[in-house]
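Here is a short report for someone meeting this structure for the first time. Please look over the sequence and the model before reading on.

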Amino acid sequence: MNPIDSPAWRALAAHAEAIRPLHLRDLFATDPQRFEHFSLHHDGLLLDYSKQRVSAETMALLRAYAETADVAGWRRRMLNGESINHTEGRAVRHMSLRAGDQAPAEVRAALARQQAFCESIHNGVWRGFFGERITDVVNIGIGGSDLGPRMAALALSARQQPDIAVHFIANVDSADIAPLLASLNPRTTLFIVASKTFTTLETLTNARTARDWLLATAGQNSAIARHFVAISTNLELTKQFGIADDNVFEFWDWVGGRFSIWSAIGLSLALAIGWKNFEQLLAGARAMDRHFIDTPADENLPLTLALLSLWNTNFLGASTEAMLPYSQSLHLFPAYLQQLEMESNGKQIDRDGKPLNIATSPVIWGESGTNGQHSFYQLFHQGGHLIPADFVALREADFPLPGHHASLLANCLAQSAALAFGQTAEEVRAAGIPEALIPYKVFPGNQPSNTLLLPSLDPYTLGQLLALFEHKVFCLGVLWNLNAFDQWGVELGKQLAGQLTPLIEGNGDLSAFDSSTRGLIAALKG
C-alpha cells in the first residue's frame with residue numbers, strides 16, 4: 001500500500017492541520033513537564049525531543065502508523081536473513097558483523113584475521129619491502145569504503161595510536177592524492193585498497209597511481225605484496241593488481257557499503273585506534289542493536305528519530321534536516337549521514353515498483369558547532385525556511401582544556417532554545433532597543449530540533465551513535481515503503497562517465513550526446 005492510502009497516514013495529515021498553527025512556546029506553556037514527557041534515556045544517551053512540534057497525540061498517531069507500516073515485521077525479516085534488499089536479491093546482515101560471540105563463524109574468522117593483521121603492523125612484525133616498519137597507512141576507497149572509517153578516525157582522534165598515521169584518499173581528482181604522496185615515504189607506507197568489486201573507477205585510478213609511486217622507488221613488482229592489501233570479493237582482479245590472496249580481506253555482498261564500517265572496511269580505522277578500541281566500537285553498536293530489537297516503540301530511540309523525521313518531512317513540509325554536532329571531532333558526521341540517509345532513502349519508487357509521489361529523504365547537511373553559527377544559522381533564525389535540526393553534544397570533552405567545553409555546551413543549548421522560542425517584538429522593546437531596529441531583532445522561532453547528549457566520545461558511544469542512525473534509516477525505509485538498501489541512482493552517472501572519459505581524451509564520436517555536453521567537451525579541449 002502507498003503510505004498516503006493508509007488510514008493511519010490520513011489521520012496524521014488531519015492532525016497536522018491542528019498542530020501546524022501552534023508555536024513551541026504554546027506547547028511548553030501548556031506542559032511544564034514537557035522535557036520529562038518528550039525525552040528518552042538509554043545506556044548513557046539522552047534524546048531530548050521536547051523542542052519538536054509534536055504533542056502526545058502526535059506521537060501516538062506516529063507510532064500507530066509505524067505499526068501499520070509493519071516496522072516490527074520488517075525488522076524481523078531483516079534479522080531472519082530474508083532478502084529484504086529485493087532489487088538485488090540480497091539479505092541485509094550488517095548487524096551480524098558486530099554480534100560478538102553470536103556472529104556467524106565466517107565473521108568471527110574474518111575479525112580474527114583483521115586483528116592479527118593490525119597487531120602485526122603495530123608490533124612491527126609486518127615490514128615493508130626494504131625491511132622498515134610501517135609508519136603510514138593510506139586507505140584508498142570512495143563512498144562507504146571511505147566516509148565511514150574516515151569520519152570515525154577523526155571522531156576518535158583522541159585515541160589515535162602513536163605509532164601509525166592513517167590517511168584517506170577518495171577523490172579521483174589528482175589534487176587529493178598528489179600532495180599526500182609527496183609527504184610520505186614509500187619505504188614505510190602501506191595502502192589499503194577498498195573496493196568490493198575492485199572495479200570502482202576512482203579507487204582503481206588512485207590505487208594505480210599509488211602503485212606507480214611505490215614502484216618508482218622499489219623497482220620490483222614484488223614490493224607490491226608488502227605495501228598493498230585489499231578489501232574485495234574479486235580475487236582475480238586483486239591478483240592481477242599484484243596483491244597476494246593472503247592480503248585480501250573478505251567482504252560479503254550482504255554488507256552494503258554505507259553500512260560496512262563494522263567489516264574489513266573498518267581496517268584502516270582499527271589501525272588508527274588499535275584493535276581493543278575497535279572492539280569497543282563494535283560493542284557499542286551491538287548494544288544499540290539490542291535496544292532497537294527489544295525496546296517498545298514509545299522508548300525506542302531509532303524509531304523515535306525516524307518518526308520525527310517523517311513528521312517534519314511529510315506533515316510539516318520540511319525539505320532539509322540539519323545535523324549540528326557540537327564537537328569538532330564529529331566534523332565529518334554530517335557528511336557521513338548524507339550518504340547513509342540520502343543514498344538509502346532518496347527514492348521515489350516503492351517496493352512494488354510504483355511511484356510514491358511523496359517526499360522521502362530530506363536533504364541532510366550541517367556543520368560542527370560553533371562554526372555553523374557564524375555562517376548559516378542566520379538563515380535558521382530569520383530566513384523563513386522550516387529547518388529541523390539535530391544537535392549532538394558531549395557531557396565530557398574528548399580533548400579537555402580549561403574554558404572550552406562549557407562555552408561550547410552553552411552555545412549548543414542557547415541555539416536550540418533560540419531556534420525553538422525566538423524573540424518577540426515585545427521582548428525586544430522591553431530590552432530598550434530603538435523602535436526602528438525592532439523588526440530586525442525579532443526572531444520567529446518555532447524551529448523544531450532534537451538534542452542528543454552523549455556521555456563522551458569514545459569508541460563505545462560512537463558505535464552506539466552510528467548504529468542509532470543506521471536503524472533510523474531502516475525505519476524510515478519501512479515507513480516510506482521503499483528499499484533502503486539499493487542505490488540504483490548512483491549507476492547512471494557512472495555509466496555516462498565511462499562513456500565520456502575517452503571522448504574527453506580525444507577518442508570517439510560525440511554525436512550521441514546532447515549539445516550542452518558536446519559544447520563543454522569542445523571547450524575543455526580549447
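The report goes from the whole chain to single residues.

**Ground rules**

This is a predicted model, in which local features need pLDDT of at least 70, side-chain atom pairs count only at pLDDT 80 or more, and totals for chains, interfaces and linings use all residues. Residues are numbered from 1 along each chain as its sequence is written, and side-chain values use heavy atoms, with hydrogens and water left out.

**The whole chain**

The protein chain has 22 helices and 11 strands. Helices (H or I, at least four residues) and strands (E, at least two) are DSSP runs, numbered from the N terminus.

How far does the C-alpha trace of the protein chain span along its principal axes? The spans are about 75 × 60 × 55 Å.

Of the 526 residues in the protein chain, 52% are buried. Buried means under 20% relative accessible area, exposed means over 50%, and partly exposed lies in between (1.4 Å probe, protein chains only). The accessible surface of the protein chain is about 22,000 Å². Carbon and sulfur atoms hold 54% of that surface. Such areas come from the Shrake-Rupley method with a 1.4 Å probe; for residues, only the protein chains shown count as cover.

Contact means heavy atoms within 4.5 Å. Take the contacts in the protein chain between residues at least 6 apart in sequence: 74% of them join residues at least 24 apart.

**Aromatic rings**

A search of the whole structure finds 24 aromatic pairs. The rings of Phe-376 and Tyr-377 have centres 5.3 Å apart and planes at 35°, so this pair is tilted. Rings of Phe, Tyr and Trp (its six-membered ring) pair if their centres lie within 6.5 Å; planes under 30 degrees apart count as stacked, over 60 as edge-to-face and the rest as tilted. Phe-376 and Tyr-377 are both buried. Elsewhere, one aromatic cluster is formed by Phe-191, Phe-198, Trp-213, Phe-228 and Phe-241.

**Helix 5 and its surroundings**

Helix 5 covers residues 71–79, and its buried residues are Val-71, Gly-73, Trp-74, Arg-75 and Met-78. What do these buried residues pack against? Their partners are helix 4 (56–69), helix 13 (275–294), helix 14 (301–315) and helix 20 (459–479).

Asp-70 sits in the loop between helix 4 and helix 5. Asp-70 is not a glycine, yet has a positive phi of about 70°.

Ala-306 belongs to helix 14. Lys-472, Cys-475, Leu-476 and Leu-479 are in contact with Ala-306, leaving aside neighbours within four places in sequence. Ala-306 and Leu-62 are 244 residues apart along the chain, and their C-alpha atoms are separated by 9.8 Å.

**Residues in loops**

Ser-96 lies in the loop between helix 5 and helix 6 (105–122). Ser-96 touches Ala-103, Pro-104, Val-107 and Trp-254, not counting residues up to four places away in sequence.

Gly-144 is in the loop between strand 3 (136–140) and helix 7 (147–155). Leaving aside neighbours within four places in sequence, Gly-144 is in contact with Pro-149, Gly-257, Arg-258, Ser-260, Ile-265 and Gln-339. The C-alpha atoms of Gly-144 and Arg-518 are separated by 32 Å.

Asp-43 is placed in the loop between strand 1 (39–42) and strand 2 (45–48). Asp-43 is not a glycine, but has a positive phi of about 50°.

Where is Thr-370? Thr-370 is in the loop between strand 9 (363–366) and helix 16 (377–382). A cis peptide bond joins Gly-369 and Thr-370, with omega of about 10°.

The table lists the accessibility of some residues named above.

| Residue | Relative accessible area | Class |
|---|---|---|
| Asp-43 | 38% | partly exposed |
| Asp-70 | 29% | partly exposed |
| Ser-96 | 17% | buried |
| Gly-144 | 10% | buried |
| Ala-306 | 0% | buried |
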